[in-house]
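Subject: Structure handover

Hello,

My notes on it follow below.

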Amino acid sequence: MTSKLREEICKIGQSLYARGYTAGSSGNISVRLPDGGWLMTPTNIAMGDLDPAELALIDAQGRFVSGPKPTKESFLHLAMYRHRADAGAVVHLHSTHAVAVSMLEETDPDAAIPPLTAYAVMKLGKVKLVPYFPPGDPALGDAVAAVAGKHHAVLLANHGPVVAGKDLRAAQYASEELEETAKLLFILGDRRYRALTPDAILDLQHRFPS
């Protein structure tokens, strides 16, 4: 089981990196283990270079157990897990268009990604914009923890998205949907567009309950 998860983390990380969803050594992935611990990608490693044998193991209390040192943003992942019993995996990216949306003055802090498509609503729900804190600042983890119970996808201001899913594929697909919806927003630019109506959103929530 653990070896399969290790391989899946690396496969997805390499795919995200190859398709430009993250660059350099940015971005990180974690998966909840059956014993309550976690596997996390290591710090200062490009997701394109991940090795199944070189992932960090964290115990159920959040303590480092073995492997290379985990991502310095591990506290973001743990903040999500501690407030979402349904979270089986977390993906954090510095994806270009999502980061750009997080920098716009007009971005709604309570709905950072507008409901442009059905899949954005189904996979993301309302995306909360978390205020800016320096990378590694414990206050950033506190800010994520404060909203994680109601939002499985958040956007860190001037930083990037953190997305939880029931499993690794769900977290991956939701992260990709967030970036692609952000990209649509910039393609539309200043043109007037038709987002989904409140009735359409309620219908989707009824048809596809999370």
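Start at Gly67, which sits in the loop between strand 4 (64–66) and helix 2. Keep in mind that this is a predicted model. Gly67 is partly exposed, because its relative accessible area is 47%. Gly67 and Arg32 are separated by 35 residues in sequence. In space, their C-alpha atoms are 16 Å apart.

Two other loop residues deserve a look. Asn44 is in the loop between strand 2 and strand 3 (56–58). Its phi is near 60 degrees, a positive value in a residue other than glycine. Asn44 counts as exposed because its relative accessibility is 57%, and the cut-off for exposed is over 50%. Asn158 is in the loop between strand 7 and strand 8. Phi of Asn158 is near 55 degrees, again positive in a residue other than glycine. With 44% relative accessibility, Asn158 counts as partly exposed.

The largest nonpolar core has 21 residues. Met80, Val130, Val154, Leu156 and Val162 touch the most other members. Which elements give two or more residues to this core? They are strand 2 (38–40), helix 2 (74–83), helix 5 (138–148), strand 7 (153–156) and strand 8 (160–165). Helix 5 gives the largest share, six residues. There is also a second, separate core of 18 residues. Ile29, Leu50, Leu168 and Ala171 are among its members.

Setting aside neighbours within four places in sequence, Met80 is in contact with Val90, Val144, Ala148, His151, His152, Ala153, Val154, Val162 and Ala164.

Next, helix packing. Helix 2 and helix 5 pack at an angle of about 25 degrees. Their axes are 8 Å apart. Angles under 35 degrees count as roughly parallel, so helix 2 and helix 5 are roughly parallel to each other. Their crossing is right-handed. On the helix 2 side, the residues are Phe75, Leu76, Ala79, Met80 and His83. They meet Leu140, Gly141, Val144, Ala145 and Ala148 in helix 5. The residues of this contact divide into eight nonpolar, two polar and no charged.

The other pair is helix 3 (residues 96–103) with helix 6. The angle here is about 60 degrees, and the axes are 7 Å apart. The crossing of helix 3 and helix 6 is left-handed. Helix 3 brings Thr96, His97, Ala98, Ala100 and Val101 to the contact. Helix 6 meets them with Leu178, Glu179, Ala182, Lys183, Leu185 and Phe186. What is the make-up of the contact of helix 3 with helix 6? Its residues divide into seven nonpolar, two polar and two charged.

Last, Thr181. This residue lies in helix 6 (residues 168–188). Is Thr181 buried or exposed? It counts as buried, because its relative accessibility is 1% and the cut-off for buried is under 20%. Leaving out residues up to four places away in sequence, Thr181 touches Ile113, Pro114, Leu116 and Ala120.

Best wishes

Technical notes. Residues are numbered from 1 along each chain as its sequence is written. This is a predicted model: local features need pLDDT of at least 70, side-chain atom pairs count only at pLDDT 80 or more; totals for chains, interfaces and linings use all residues. Side-chain values use heavy atoms; hydrogens and water are left out. A nonpolar core is a set of buried Ala, Val, Leu, Ile, Met, Phe, Trp, Tyr and Cys residues joined through side-chain atoms within 4.5 Å. Buried means under 20% relative accessible area, exposed over 50%, partly exposed in between (1.4 Å probe, protein chains only). Helices (H or I, at least four residues) and strands (E, at least two) are DSSP runs, numbered from the N terminus. Contact means heavy atoms within 4.5 Å. Axes are lines fitted to C-alpha atoms, for helices over the stretch in contact, and angles run from 0 to 180 degrees between N-to-C directions. Angles under 35 degrees count as roughly parallel, over 145 as roughly antiparallel, 65 to 115 as roughly perpendicular and the rest as oblique. A crossing is left-handed if the near helix is turned anticlockwise from the far one by less than a right angle, and right-handed if clockwise. Ala, Val, Leu, Ile, Met, Phe, Trp, Tyr, Cys and Pro count as nonpolar, Asp, Glu, Lys and Arg as charged, and the others, Gly among them, as polar.
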